[in-house]
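Hello,

Here is the structure I promised to pass on. Please have a look through it first, and my notes on what turned up follow below.

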Amino acid sequence: MAELFGSDAFAPKEIAERIESVGVAKARLPLLSMGLLGVLAGGFIGLGALYYVIVISDHTLGFAVARVLGGVCFSLGLLLVVVAGAELFTGNNLLVMAWADGKLSTWDVLRNWMVVCAANFAGAAALAVLVFLSGHAEMHGGAIARTYLDIALTKSTLPMQAAFFRGVLCNVLVCTAVWMTFAGRTVTDKFIAIVFPISAFVAAGFEHSIANMYVIPLAIMLKSSSSGLPAAYDAISIAAMMRNLLPVIAGNIVGGSVLVALVYHVIYRRPAAKA
C-alpha cells in the first residue's frame, strides 16, 4: 500500500486498521495503568500550554507571529503524549472507530473516556499547582501571570455556543494529527505530523478541554493570590471553568468522534466489513 502512495508511510487504510487495534488495547487497559497514563497526559498538555504562554506574553511579537509560534510550542504537549506514551481524552475520541466496527462496546468507550478525562484533569490541575508554587508566573515582570489571567478571562466569558463549536474545530485538528502520526514510522515523522495541525488550532483560538484544565485552575490561583486586579477578573472562577469545560468537552467529542473517527470508518472500514 505504501508504494501506491509513493512514500514509506502507512497508507490511510492501514492507518485505520492500526487505530482500531490500538483503540481496543487502550479501552482494555487495567484501570490503574489507564488512570496514571491519563495523569501524565494532563501534565504533558499543561507543559505545552506553559510553553505557549511564554511566547504570547511577549507583546513585541506581531499577532500572527505570536499565535503561530506559540502554537508550534504548544505542540510539545501532544508530542510528549504520542512519543513518551500517555492517554489523552481528546485523542481517545478515535476509539469510536473500533466501536463502530463492533470491536468495543459502548461501555468500553465511555469507561475509557470518563477515566481518562478525569485523570487528565488531575494531571493538568496538579501541574497548575506546581507551576503556581514555583513562582514561574512572576517571570517577565509578571507578564506571564497577566497572560494567564487574560486567557482564562476570555475562556470564562466565552458563550457556550462558541465554546462548543471551537471545541469541535479543535478536535478535528487534534484527531487528524493523531491519525497522521499512525502513518509515520519514526519520531521525526510523528513530529512533522503533529506540528502543523496543532499549531493551526492554537493559532486559530480553538478550545482544547485538557489545556483549559491547566490554564483556568492556574489563573484561579493567581487571581486569589493577587490584589488590586481589575474587577473583570472576578469572572474567573470554578463555576466559570465548568461552564467552559462542559461545552468544550462536548465539542471535542463531536469533532473527534464524528467528524474524524466515524468519517474514516465509513471510508475505510465499512467497505472492508461488508466484503
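Predicted model: local features only at pLDDT ≥ 70, side-chain atom pairs only at ≥ 80, totals over all residues.

Residues are numbered from 1 along each chain as its sequence is written, and side-chain values use heavy atoms, with hydrogens and water left out.

H9 covers residues 187-204, and its 18 residues reach 26 Å from first C-alpha to last, close to the 26 Å expected (1.5 Å times one less than the number of residues). Helices here are DSSP runs (H or I, at least four residues), numbered from the N terminus. Among the buried residues of H9 are Val-195, Pro-197 and Ile-198; buried means under 20% relative accessible area, exposed over 50% and partly exposed in between, with a 1.4 Å probe and protein chains only. Their cover includes helices H2 (31-56), H3 (63-74), H4 (76-85) and H8 (160-181). After H9 comes Gly-205, with a positive phi near 80°.

Where does Ser-75 sit? Its place is the loop between H3 and H4. With 3% relative accessibility, Ser-75 is buried. Leaving aside residues up to four places away in sequence, Ser-75 touches Ile-194, Val-195, Ile-198 and Ser-199 (contact means heavy atoms within 4.5 Å). Its C-alpha is 9.0 Å from that of Val-202, 127 residues away along the chain. A polar atom of the Ser-75 side chain also lies 3.1 Å from the backbone oxygen of Gly-71.

**Helix H7**

H7 (residues 143-156) is largely enclosed by the rest of the structure, because 11 of its 14 residues are buried. Those buried residues include Tyr-148, Leu-149 and Lys-155.

**Cysteines**

How many disulfides does a search of the whole structure find? The search finds 0, a disulfide being a pair of cysteine sulfur atoms within 2.5 Å. Cys-73 is in none, and the nearest cysteine sulfur, in Cys-170, is 17 Å away. For Cys-117, the closest cysteine sulfur is also in Cys-170, at 13 Å, so it is too far for a bond. Cys-73 is buried at 9% relative accessible area, and Cys-117 is buried at 13%.

Best wishes

Notes:
Helix = DSSP H or I, 4+ residues; strand = E, 2+ residues; numbered from the N terminus. Polar contact = N/O pair within 3.5 Å; in protein donor to acceptor, adjacent residues only side chain to side chain.
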